[in-house]
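Dear colleague,

I am handing over the structure below for your attention.

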Amino acid sequence: MYKTIFKRIFDLLISLIVFIFILPIFILIILIIKIDSKGPAFFMQKRIGKDKITFNILKFRSMRMDAPKDSPTHLLKDPNLYITKVGNFLRRSSLDELPQLINIIKGDMSIVGPRPALWNQYDLIKERDKYNANNVRPGLTGLAQIKGRDELSIEIKSKYDGEYVKDITFINDIKIIVKTFLKVISSDGVKEGESNNE
């Protein structure tokens, strides 16, 4: 029962509360991005959602406007050429992900679930099919994120996604949220460049 109605209610309530609470920080980040570099404060990118239906994910823009839009960071030889000064901090602290609260409120995403793959990450999408990990709402965080995040290969990451799908419970979601918070504070598992799989 939790993985259907109650999970959605949980996502909606928590996301709304957090969004209202951090709204001043949200606005401040928008202003800092606009001052730091030319371009919009937000970045939209096509991602794979529940049942492989695409949606536009929202992030705070962390790269210059001339950065490749539909290329995973791990395919960029030197992502530092494109990442802005403010963007580097936003990515390290995971603050660039905050706008995804809006995706969660809209119903595109969940708080916990497999991280949404880029529409053209065919290898990741195919691997997740083995574990039915494309059949649930993607998450702001997930089991793979607390197990290694960017350091994991696509195969191992997909296995963790499948492990989560098999056991979606309120307790597990709470555990993942708490462990994610600890990971974010320490920037554990964050990598840029060819080792980054997202």
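I begin with D51, which is partly exposed, having a relative accessible area of 42%. Please note that the model is a predicted one. D51 lies in the loop that joins strand 1 (42-48) to strand 2 (54-60). Although D51 is not a glycine, its phi is positive, at about 60°. K52 is found in the loop between strand 1 and strand 2 as well, and K52 likewise has a positive phi, of about 65°, without being a glycine. The relative accessible area of K52 is 41%, so K52 counts as partly exposed, a class that lies between the limits of 20% and 50%.

Is T141 buried or exposed? T141 counts as buried because its relative accessibility is 6%, and the cut-off for buried is under 20%. The side chain of T141 forms a polar contact with the side chain of T180, at 2.6 Å. Leaving aside residues up to four places away in sequence, T141 touches I111, V112, G113, R115, I176 and T180.

Two helix pairs may be described next. The axes of helix 1 (residues 2-36) and helix 2 (residues 85-93) come within 8 Å and cross at roughly 145°. Helix 1 contributes I29, I32, I33 and D36 to this contact, while helix 2 contributes K85, V86 and L90. By class, five of the residues in the contact of helix 1 with helix 2 are nonpolar, none is polar and two are charged.

Helix 1 also packs against helix 7 (residues 170-186), at an angle of about 40° and with the axes 11 Å apart. The contact of helix 1 with helix 7 comprises five nonpolar, no polar and two charged residues.

Finally, a word on confidence. The protein chain has an average pLDDT of 89, and 90% of the residues score at least 70. Over residues 193-197, however, the pLDDT is below 50; this stretch has 20 contacts in the model beyond near neighbours in sequence. Where pLDDT is low, the predicted coordinates should not be read in detail.

With kind regards

How values were computed
Residues are numbered from 1 along each chain as its sequence is written. This is a predicted model: local features need pLDDT of at least 70, side-chain atom pairs count only at pLDDT 80 or more; totals for chains, interfaces and linings use all residues. Side-chain values use heavy atoms; hydrogens and water are left out. Helices (H or I, at least four residues) and strands (E, at least two) are DSSP runs, numbered from the N terminus. Buried means under 20% relative accessible area, exposed over 50%, partly exposed in between (1.4 Å probe, protein chains only). pLDDT is the predictor's confidence in each residue, from 0 to 100. Contact means heavy atoms within 4.5 Å. A polar contact is a pair of N or O atoms within 3.5 Å; within protein, one must be able to donate a hydrogen and the other to accept it, and residues adjacent in sequence count only if both atoms are side-chain atoms. Axes are lines fitted to C-alpha atoms, for helices over the stretch in contact, and angles run from 0 to 180 degrees between N-to-C directions. Ala, Val, Leu, Ile, Met, Phe, Trp, Tyr, Cys and Pro count as nonpolar, Asp, Glu, Lys and Arg as charged, and the others, Gly among them, as polar.
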